[in-house]
Amino acid sequence: MEDERLSRPDLVVDALSRFERAFRQPGRFLNASEVWQPGLEIEDARDDLEEVLRHLPRGARADLGRLVARIDTEYERRTLPDPGWVPEWTAGRWWWWRIRER
């Protein structure tokens, strides 16, 4: 199923555009959706970028990795750590352990 998602030619563009829209939000913190929309949240976009990074050749991985590092820095700056229980399915995916404002 992961490989099927990776075959989408617009996967990286879609993920990056979700972060671009989110980072244009005014204020210090990112707003969370009123209704959770699986597959459409920016955390899902970060999952997509992580999966793509695993499959890229070294040079392309380094290029996209630098962009993802800047995204991660901004995302971390505009969210708060979640002090609560973290589900096992988020292991290794710190971006799911952050809180956005409602």
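Predicted model: local features only at pLDDT ≥ 70, side-chain atom pairs only at ≥ 80, totals over all residues.
Two residues are said to be in contact when their heavy atoms lie within 4.5 Å of each other.

The contact between helices H2 and H3 involves Leu11, Val12, Ala15, Leu16, Arg18, Phe19 and Ala22 on the H2 side, and Ile42, Asp44, Ala45, Arg46, Asp48, Leu49 and Val52 on the H3 side. Sorted by class, this contact comprises ten nonpolar and four charged residues, with no polar ones. The axes of H2 and H3 are 9 Å apart and form an angle of about 140 degrees. Angles over 145 degrees would count as roughly antiparallel, so H2 and H3 are oblique to each other. Their crossing is left-handed.

Helix H4 comprises residues 58–77. Within H4, the buried residues are Leu64, Val68, Ile71, Asp72 and Tyr75. Among the elements covering them are helix H2 (11–23), helix H3 (42–55) and strand S2 (98–99).

H2 also packs against H4, at an angle of about 30 degrees and with the axes 11 Å apart. The two helices are therefore roughly parallel, and their crossing is left-handed. Val12, Leu16, Phe19 and Phe23 of H2 meet Leu64, Leu67, Ile71, Glu74 and Tyr75 of H4. This contact contains eight nonpolar residues, one charged residue and no polar residues.

Conventions:
Residues numbered from 1 in each chain as written. Heavy atoms only, no water. Helix = DSSP H or I, 4+ residues; strand = E, 2+ residues; numbered from the N terminus. Expected span 1.5 Å × (residues − 1). Buried < 20%, exposed > 50% of the residue type's maximum accessible area, 1.4 Å probe, protein only. Axes fitted to C-alpha atoms, helices over the stretch in contact; angles between N-to-C directions. Parallel < 35°, antiparallel > 145°, perpendicular 65-115°, else oblique. Left-handed = near helix turned anticlockwise from the far one by under 90°. Nonpolar A, V, L, I, M, F, W, Y, C, P; charged D, E, K, R; others polar.
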